[in-house]
Amino acid sequence: MSLVLDIALCALILGVGLATVAGHGVFRAVIFFITYGLLLAIGWARLGAYDVALAEAAISAGLTGVLLLAAHGRLRRLSAAEEAPLRRNLPAALIATGVALALGWAWFALPDPAAPDLTAALPQSGVGNPVTAVLLNFRAWDTLLEAIILLAALIGLWMLARDRAWNEPLGLQYHARAGGVMASFGRVLPPIGLIFGVYLVWAGAETTGGAFQGGTVLAAVCLVSLMAGVLPAPRIAQTAWRAALVFGPGVFLLSGVAGAIFAQGFLALPPALAKPAIVTIEAALTLSIAVTLVLLVIGPPDDGGQDA
Amino acid sequence: MTIWLHILAIALLASLGGALWRVWRGPSQADRMMAAQLIGTGGVAVLMVLAALQDWTLLAVAFALATLAALAAVGFVKSESPDGAGDPEEAPPATELRGTVQDRTRNG
Amino acid sequence: MTALISGLVLPLLAALAAIALPARARLPVALLGVGLTLAASIWLAISVWTNGAITVSLGGWQPPIGIALRADGLGAALGVMTALVMAAVALAARHEMEPLVAGPRTSFGFWPLMLLLWAALNAVFVSRDLFNLYVGLELITLTAVALVAISGKAEAIAAALRYLLFALAGSLLYLAGVVLSYAAHGTLDISLLAARTAVPGDALALGLMTAGLLVKTALFPFHVWLPPAHSAAPAPASAMLSALVPKASLLILLRLWFEAMPELATPVALFTLAGLGALAVIWGGVLALLQARLKLIVAYSTVAQLGYIFLVFPLAGGDGAAQPWAAGAWTGAMFQMLGHGLAKAAMFLAAGIYIAAVGSDRLSDVRGLARALPMTGFAFALASITLLGLPPSAGFTAKYLLMTGAFASGQWAWAFVLVGGGLLAAAYLYRPLTAIFAREIAVTPRPIPWGWQAVPLVLAMLSVALGLLSSVPFDFLQIGRPDQAAEGL
Amino acid sequence: MSLTVFAMTGATLVGLGVYGLLARVHMLRRIMAFNLIGSGLFLFFGAAGARGAALDPIPQALIITGIVVALAASALAVGLVVALARSSGTACLPDEAGDT
Amino acid sequence: MADIATYLLTGLGLVFFIAGTVGLIRFPDQFSRLHALTKGDNLGLGFIALGVAFQTDTWAQVAMLVLIWGLALLAAGTVAPLVARAALTESRKP
């Protein structure tokens, strides 16, 4: 029975993936892509990877979807959203089939699983959720660089602004009817999202959750509020925003340095202090991730003008 | 109970498949977005069922999905407005629009 | 250990500070970060020289649970080369990226992007973990793409987008290989992978990773993104992109083929890699001949110069690794990496000075500029000596060592590539050199500060000095080298 | 058996993404294709990590990192596409705008 | 007893979902489709949440289920009129 469920789910995922690639119209592909992320999150739930399911639901279905929707809207206004119909492309089909077959073959050629033995290490990690232990302790260097990557992408995105727009507020200037449905939604949602986001970070130490997932939920509700015109759009010149961007990575980096000075080495967490240290780092990271994601989605400063 | 929950999840997925047909068909962008909304709610329902079947922590995933689906819909409404930043409730006044309630084909 | 960590932490901290601090503090804090990171890189090289290769398990977690970092001679040498180029870039950018010249947007973004790129390069130079290398490569990609687009011109945006397209495709290919090797062996650590029990899927994993890294290194025929991207960026950014960025993916390639999975290095695979390198030498050289802009000539020459390094695979890899000529050939390729980095950065920075002086880098506009800006002309000429492989430059040492390996191993064909590539380089550098050293001046240049003119000259002199004093770097590069063979040649 | 289903789904998604990347020229399409390839790889990876007696947390952590990295790259790519469309009126690369 | 409640309630929820989907597929114009959608799936989700609630171990899980349903209702109540208006604007465009 559970095999039937998995096959049904995978059939839907594949159908949606095919529709994303093959269907005509960029907008249709974007909508399919959003549902794709959603179905994939269910797939991760089936695989028992709950933290991944959370990340996939929040990031792929949610934020990437909004990013693509907003981009499609902008492209349509620039009359660049149309595309030529898909023509049959035999070389591409051959390469794609070859890649898929090679991966399929690799699956059956895999030797018996050889996962590293974490039983001795996990109790020393300070947290009960093994995924959090890997992300924030065993492989903290990856996670630190990952937070830096988000920041680098944002600085890169800002470089795409026009020079004359540099001091403008970030993104489009959102407005909504005062007291209208959207504006009220923009007021009601943030408290709920805030509580849930904080819960995800706090719970992530022991069960499903984590800084990136919590940060994404916070970013989502902030975006709704921004779009509803409740929150004013930030400007690059505002120091508080830039400080919020670097706060999390900064705390992470400095705690790593503290590990090098006071403990066994860079990014080392003494078992006794590991739990509070991880929660502190995650809390700081969540703030920065949320701000970074919001700014990544709304885009560089824009004065709305056209290029000559 | 396990078997029923499996059947329930499969039936819900089948119902999502029907909504996917509407995403494919359109014809208007709003049709596609509405169908995506239904798929979002259906996904939340599937995750609730899976939570009962596998692990209750999946409710957190369902919650996140519900929040993010709302964001996607708001993002759609925004990107549909003329300047990409507006609110369909602002202008033009709703009275002008009465009687134009027929969908026209507009793929995007 | 402290030196190794400092090389990673300091540029990151400086980048974070440059983002958060107000505009007037940005340049001082960035320059401070550059100075400190330069010091840390040199310190790391000194400690590797005195103590041998340095290994650190981050957070105290040994692989396969945690991530190991290891600074060997090659990693530390690339670190020092990077630090020298970055310091030069910073000195040039102090003029070019001034808010009044470049505008508030560019002058805000350049410094954090440069420092983040530096941190990512240092991270890749020392990482032993395949997934950590993926994360490092992605950070390099995003910062490098942003640096290409930073000028905001339409052709820069298109070049950046094309670059991102290729780089992401390369990342995904590499990631596919990483996924397969972890699924098969339960580890991502290069040293642990070397000791694994081989399985049939390994060849696919190595092939995917190699293909991805070749795209990122812009080896022929994946080079099409490189010239437009490197020539569209502002000169200090071009210097970093051309001199440093391809070296990161190339280093991972070397680590895979020489350290992680050397037994998969079949003669056919090695011949293919070197064959593509040879085609790159020729094709890059021919296209460089056809360009009318200085930066495009220099960018196409990067395609050609990177090609030489791939000769290391048949000359020092596979069964050849145990042969007496392997050490020489391997070290020759590493000299090419270092020498090309210094010389290429010098050339782009010189081109930047010309653009600042006459507003263009067309060969017709830079005519005769050696009279007005003699130091810059001299720098370009010195850097050309390295690219040509003339004695006593680092390029000469590199080609001499590779040539010796080619003759000693009986693989004569590669010697023709070395000679032919040198002749092509002479041909494509002849035009810019005759233009710059022409008697009559085409456009009267604006004055350029003396301190700025000296920057490419110092870099070019370093690329020559590397060849003059080649015995110390030669020994340094041997530290921690895999498959130590008796030095017979 | 279920794991094999997921792994094959992942492999097929990678193939679909590769086809989309090569056959489609609109850049938003290609960004989506990149995400399809990435998520297909991750699905394969997740299935591989679930083969042992206990679920291996390391692939899960790597996948979460990968998802975030993909978002960062997508955001920059989307920004570049919009900037390209703004400066040249098309969301396709210059030499491909005429093709399919 | 709890199991029977789950069977009944989730079954009812499923019926609403399927009805909503059938409406989405069958109704001729998009405003009746929107109607089918908001009624069908939110009632369906409510019944499924209620049915699943009989299987929970703790009250926190019940609260979470209620919260999720509440959020879905709130979102649907907000988003449906907005999407409808956007659809109206869209259909007026040439």
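Predicted model: local features only at pLDDT ≥ 70, side-chain atom pairs only at ≥ 80, totals over all residues.
Six pairs of chains touch in the model, and the pair with the most contacts is that of chains A and D. In this pair, 77 residues of chain A are in contact with 67 residues of chain D. On the side of chain A that touches chain D, two or more residues come from each of the helices α1 (2-22), α2 (26-46), α3 (50-77), α4, α5 and α6 of chain A. The greatest contribution to this side is that of α3(A), which provides 14 residues. Sorted by class, the side of chain A facing chain D holds 52 nonpolar, 15 polar and ten charged residues.

Ten of the residues in the contact of α6(A) with α3(D) are nonpolar, four are polar and two are charged.

Chain A also touches chain C, in a contact that takes 47 residues from chain A and 48 residues from chain C. The elements of chain A that give two or more residues to this side are α4 (90-109), α5 (130-138), α6 and α9 (239-262). Here the largest share, twelve residues, is that of α6(A). The side of chain A that touches chain C is made up of 35 nonpolar, six polar and six charged residues.

Some pairs of chains have no contact. Chains B and D are not joined by any contact, and their closest C-alpha atoms are 13 Å apart. Chains C and E likewise have no contact, and in this case the closest C-alpha atoms lie 32 Å apart.

Chain B contains three helices and zero strands, in the order α-α-α along the sequence. It has 108 residues, of which 67% count as buried. When contacts in chain B are limited to residues at least 6 apart in sequence, 49% of them join residues at least 24 apart.

In chain C, helix α8 covers residues 201-217 and has 17 residues. The distance from its first C-alpha to its last is 24 Å, close to the 24 Å expected at 1.5 Å a residue. Of the 17 residues of α8(C), 14 are buried, so this helix is largely enclosed by the rest of the structure. The residue that follows α8(C) is A218(C).

Most residues other than glycine have a negative phi, and most peptide bonds are trans. A218(C) is not a glycine, yet its phi is positive, at about 65 degrees. This residue is placed in the loop between α8 and α9 of chain C. A residue is buried if 20 or more other C-beta atoms lie within 10 Å of its own; A218(C) has 31 such atoms and is therefore buried.

In chain A, L267(A) is also not a glycine and has a positive phi of about 65 degrees. L267(A) is located in the loop between α9 and α10 (271-298) of chain A. It counts as buried because 30 C-beta neighbours lie inside 10 Å.

Chain C also has cis peptide bonds. One of them runs from F220(C) to P221(C), with omega near 0 degrees. P221(C) belongs to the loop between α8 and α9 (226-232) of chain C, and A218(C) lies in the loop between α8 and α9 as well. Another cis peptide bond joins P391(C) and P392(C), where omega is about 5 degrees. P392(C) is part of the loop between α17 (374-388) and α18 (394-408) of chain C.

How values were computed. Residues numbered from 1 in each chain as written. Chains lettered and ligands numbered in written order. Nonpolar A, V, L, I, M, F, W, Y, C, P; charged D, E, K, R; others polar. Contact = placed C-beta atoms within 7 Å. Helix = DSSP H or I, 4+ residues; strand = E, 2+ residues; numbered from the N terminus. Expected span 1.5 Å × (residues − 1). Buried ≥ 20, exposed ≤ 12 C-beta atoms within 10 Å, placed from the backbone.
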